Amino acid sequence: MTKVLVPTVCPYCGAGCGFFVSVERGKAVGMEYMPGHPVSEGALCSKGNAALEFLRHQDRLTTPLRRRGEGFARISWEEALGLIARGLGDVIRRDGPGGVAFLASSKCTNEENYLIEKLARLLGTPHVDNCARLCHAPSVVGLNRTLGAAGMTNPIPDIASSRCIFIIGSNLAENHPVIARWVHRAHDDGAVVIVADPRETHTSWVADLFLQLTPGTDVALLSGMAHVIIKEGLIDGDYIARNTSGFEALRESVKDSSPERISEITGVSPDDIVRAARAYASSPASSILYSMGITQHSTGTDNVQAISNLALITGHLGRPGTGVMPLRGQNNVQGACDMGALAEFYPGYRRADDPETIGYFSSAWGVPALPKGPGLTAAEMIGAAASGDIRAMYIVGEDPANSDPSSQNVHRALEGLDLLVVQDIFMTATAKLADVVLPGAAWAEKEGSFTNTERRVQWSSKAIDPPGSALSDLETLCMVGRALGLEFAYPDAASVLEEINRTVPSYAGITRDRLRESSLIWPCPTTDHPGTPILHSAGFKLAGGRASIVPVSYRPAAEGASWDYPFILTTGRVAVHHNAGSMTRRSPSLLRREPDLYVEINTADALRLRVADGDEVIVTTPRGETEAYARLTEGVKTGVVFMPFHFPGTNLLTTEATDPEARIPEFKVSACKIVRRD
Ligand code: SF4
């Protein structure tokens, strides 16, 4: 029997590793590595290696469902489409289009995300967002403001030519293991690696200098480093003069951020702050890698801007081995944002509050009017659902009932809607609350493009059919659009990409035929353009071609430890699970290795709490409580505890405090108490 090798993109993290699905008689029988892939070079991490395991899991949704009493009944696609069209129509007629909200998915293709935001806006609602709101919204706001582009500035393989790599708020050895290989390569070649994190992690083990800061004090640490760099004359004055504005204001804002003062805030020694500043500023090519340890704070946008400031005052941008590298969590979170599945942007980061944007897309889409934004963000939608301002939600491939903070409030808000439609591959916690559930196709069961964290657009081909009567999200969205009276006549992903070529300038030259030959890194403005691996080598797309240095001041996290809640809970990921865990907890080889929710507690704290390793404990915050196993460690400081967020329970505890601009919840800092379960 002939075996066919189908090229696909890993469904998990933003590294965007490639591999072949091996197909025989229409079934996925294995995978083969892709040695020629520019990022993964034939490597995959434990999650990538297990990617086929959930495809035929017994929990896959195979048919549309409608709520009946406490359970669900199987229905036809025709009946499902009728229910959705009537339900959305009723809400729009009664409450106006603003009574409806859409959540797009960073697990879906670019083409699918483009159609989700287009469907929402053609229906007249500005309320469309995606889970970037929970991970990298501050990167979108902060990098657009400071550098004029919301993407990683340099390609992943470029990390190998860095001479100093500053990793802050990222445990990439577990979360982006294949990117970590490039850090190791640079380190083996003599690069200095600095890691700043509240926890000792697999990433910090490789560091030459480890800065174990108190959760929520990143702006202070970065300001302290800027203080040292300016005071010791380690700035790149020529670069600042030619390429930036705002330096004097930064100099003024960090003048009191001496290492001694910053040490009191962050818990990092003054000497280490000075060492880190000198190493980063004086190397010939330094890069900064960061992730959700930076963004998931009520100061997330400030954190990102403080990172840009460091790169700008030292001139570590626009050259190989330099750059600002936000490591995206999901495989298409970059693409979902590029496609305008965001409350404040239409496709191509055109501002939703700009009349020119509205005019442009009205003309491009052939409609007389479109809603002006910004719409409600993902977290704001939940609040509006709770207050009755949003009456219907359409959620594609997201699980807010599990992944949003204070998840018990999310449950209540979603339960109270007149209509909740969920399109997914599994019966997630959110799908269990839905009125209509539509079965989706997983990544290997459909085709389309994905954009990884370095802006690399890749084509992923269809390897196998989805189970039962499940359909790709693109097919479903077209059917829903037509049921609502819209002209949604797209025969395939390529036809949507052709429209994206016309409406998103940085994707203008990215066609399916070119992607089948090789990946392309945006901006790629014409069909003969090779793509742009390094941004900002010839100035910035901001006023006067200059980047903006934006001074920021340290603000404490929204919640601090108190008498009642004496610990700071911080959350994150582990190597074998991903996000809300809907796929990895259905992959036996991964679940076996990390089957239960746990909480890391410092051994000294555990002694005081009379908790032994493996004991069941109850973790409580002002929002709620959850049970977990204690894992004793020296890797978190006293007074700090850590829980992975892949299991139901963790987000019962997290705070709803958000960044005032990017509206990302502060998943990384919640006050809690712990008692042993007797
Ligand atoms: Fe998949 Fe990310 Fe692992 Fe690569 S590093 S195999 S993209 S999970």
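How far apart do the C-alpha centres of domain 1 and domain 2 lie? The legends below start with that pair, and please keep in mind that this is a predicted model.

**View 1. Domain 1 meets domain 2.** The C-alpha centres of these two domains are 26 Å apart. According to the domain assignment, domain 1 covers residues 4–49, while domain 2 is built from two stretches, 65–132 and 331–521. Across the boundary, 20 residues of domain 1 touch 16 residues of domain 2. Together the two domains bury about 1300 Å², and carbon and sulfur atoms make up 61% of that area. On the domain 1 side, look for Val9, Pro11 and Gly14: they lose the most area to domain 2, together 36% of what that side buries. The assignment also lists domain 3 (137–326) and domain 4 (567–676).

**View 2. The shell around the ligand.** Which residues would you find around the ligand? They are Cys10, Tyr12, Cys13, Ala15, Gly16, Cys17, Leu44, Cys45, Lys47, Gly48, Pro177 and Val178. Helix H1 (46–49) and helix H7 (177–188) are the elements that give two or more residues to this shell. Sorted by class, the shell holds nine nonpolar residues, two polar ones and one charged one.

View 3. Is valine 39 buried or exposed? Its relative accessibility is 0%, so valine 39 counts as buried. Setting aside neighbours within four places in sequence, valine 39 has contacts with Ala15, Ile156, Val178, Arg181, Trp182, Asn452, Glu454 and Arg456. For a sense of scale, glutamate 78 comes 39 residues away from valine 39 along the chain, and their C-alpha atoms are separated by 43 Å.

View 4. Glutamate 445 is found in the loop that links strand S18 (436–439) to strand S19 (448–451). Why does glutamate 445 count as buried? Its relative accessible area is 2%, and the buried class takes in values under 20%. Which arginine side chains make polar contacts with the side chain of glutamate 445? One is arginine 56, at 3.2 Å, and another is arginine 60, at 2.8 Å. Beyond residues up to four places away in sequence, glutamate 445 touches Leu55, Arg56, Arg60, Gly440, Lys462, Ile464, Asp465, Pro466 and Pro467.

Terms used: Residues are numbered from 1 along each chain as its sequence is written. This is a predicted model: local features need pLDDT of at least 70, side-chain atom pairs count only at pLDDT 80 or more; totals for chains, interfaces and linings use all residues. Side-chain values use heavy atoms; hydrogens and water are left out. Helices (H or I, at least four residues) and strands (E, at least two) are DSSP runs, numbered from the N terminus. Buried means under 20% relative accessible area, exposed over 50%, partly exposed in between (1.4 Å probe, protein chains only). A polar contact is a pair of N or O atoms within 3.5 Å; within protein, one must be able to donate a hydrogen and the other to accept it, and residues adjacent in sequence count only if both atoms are side-chain atoms. Contact means heavy atoms within 4.5 Å. A residue is near a molecule or strand if one of its heavy atoms lies within 4 Å of it. Ala, Val, Leu, Ile, Met, Phe, Trp, Tyr, Cys and Pro count as nonpolar, Asp, Glu, Lys and Arg as charged, and the others, Gly among them, as polar. Domain bounds come from an automatic or database domain assignment. Buried area is the accessible area (1.4 Å probe) that two parts lose on being put together, summed over both.
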